[in-house]
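Look over the sequence and the structure before reading on.

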Amino acid sequence: MTIFLFISENTFYSWLEDTWLEKKWGHNVTEFQQRFDGVLTEGEGPRRLKNLYFLYLIELRALSKVLPFFERPDFQLFTGDKVQDAENKALLLEILHEIKSFPLHFDENSFFAGDKNEAHKLKEDFRQHFRNISRIMDCVGCFKCRLWGKLQTQGLGTALKILFSEKLIANMPESGPSYEFQLTRQEIVSLFNAFGRISTSVRELENFRHLLQNVH
């Protein structure tokens with residue numbers, strides 16, 4: 001599952017190498033090859049990496065779509081410091097506008113195109129898969145893996161919620177409460193956390209490519 005890919009791939013570039021001389025954090029190229037090399041995984045590794053890029057595009061698309069929600073004057077970041085809140089919101093909007101300018105987002109309309117009944121069933125299947133993944137994460141023994149896994153699962157679920165709510169977002173009033181579309185604080189936190197983790201993983205893939213070139 002791609003959710004577990006986030007966890008394991010994050011582990012590969014945050015690997016503690018413990019020798020009798022020193023302890024240092026670095027990239028575990030050997031383990032990365034065992035999980036993602038096309039030959040060693042019989043083609044499964046490249047498919048996992050494609051899924052990672054696919055989910056990265058989904059996150060980008062969702063963040064570009066949800067921009068109007070965060071632009072509304074009624075949306076505020078409450079930390080107790082009004083000056084800091086205003087600065088944080090300005091930075092948030094700057095990031096979202098930068099994402100919106102990216103031209104190669106995932107196109108959910110083409111993904112759910114075709115027969116309306118089939119498209120609706122596909123959306124429901126997506127929702128059900130994420131519920132099942134969340135239940136599976138409850139069974140993971142490692143506390144940190146379970147925590148990160150559930151947070152990333154909810155973040156991706158929030159991204160899908162945004163993509164499925166395009167009309168509701170478009171019809172939001174410019175001011176006043178938005179009753180039809182809302183994001184909870186937990187959904188917002190998980191959305192940006194998942195995007196941060198996926199973005200870091202995508203960046204680190206490039207680092208692994210350079211390291212593998214040096215190995216060969």
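A salt bridge here is a side-chain nitrogen of Lys or Arg within 4 Å of a carboxyl oxygen of Asp or Glu. The model is predicted.

The whole structure holds 6 salt bridges. Glu44, Arg47 and Arg48 are linked in a network of them.

Take arginine 47 and glutamate 44. Their side chains meet at 2.4 Å, N to O. Both residues lie in helix α3, 3 residues apart, which is about one turn of the helix. Arginine 47 has a relative accessible area of 43%, so it is partly exposed. Glutamate 44 is partly exposed too, because its relative accessible area is 28%.

Arginine 209 pairs with glutamate 206 in a salt bridge of 3.3 Å, N to O. Helix α10 (residues 185-215) carries both, 3 residues apart, about one turn of the helix. Arginine 209 is partly exposed at 39% relative accessibility. Glutamate 206 is partly exposed, with a relative accessible area of 37%.

Arginine 203 and glutamate 204 also form a salt bridge, at 3.2 Å, N to O. Glutamate 204 counts as buried because its relative accessibility is 7%, and buried means under 20%.

## Threonine 41

Threonine 41 sits in the loop between α2 (29-36) and α3 (44-65). Its relative accessibility is 14%, so threonine 41 counts as buried.

A polar atom of the threonine 41 side chain lies 2.7 Å from the backbone nitrogen of glycine 45. Beyond its neighbours within four places in sequence, threonine 41 is in contact with Gln34, Arg35, Phe36 and Pro46.

Key:
Residues numbered from 1 in each chain as written. Predicted model: local features only at pLDDT ≥ 70, side-chain atom pairs only at ≥ 80, totals over all residues. Heavy atoms only, no water. Helix = DSSP H or I, 4+ residues; strand = E, 2+ residues; numbered from the N terminus. Buried < 20%, exposed > 50% of the residue type's maximum accessible area, 1.4 Å probe, protein only. Polar contact = N/O pair within 3.5 Å; in protein donor to acceptor, adjacent residues only side chain to side chain. Contact = heavy atoms within 4.5 Å.
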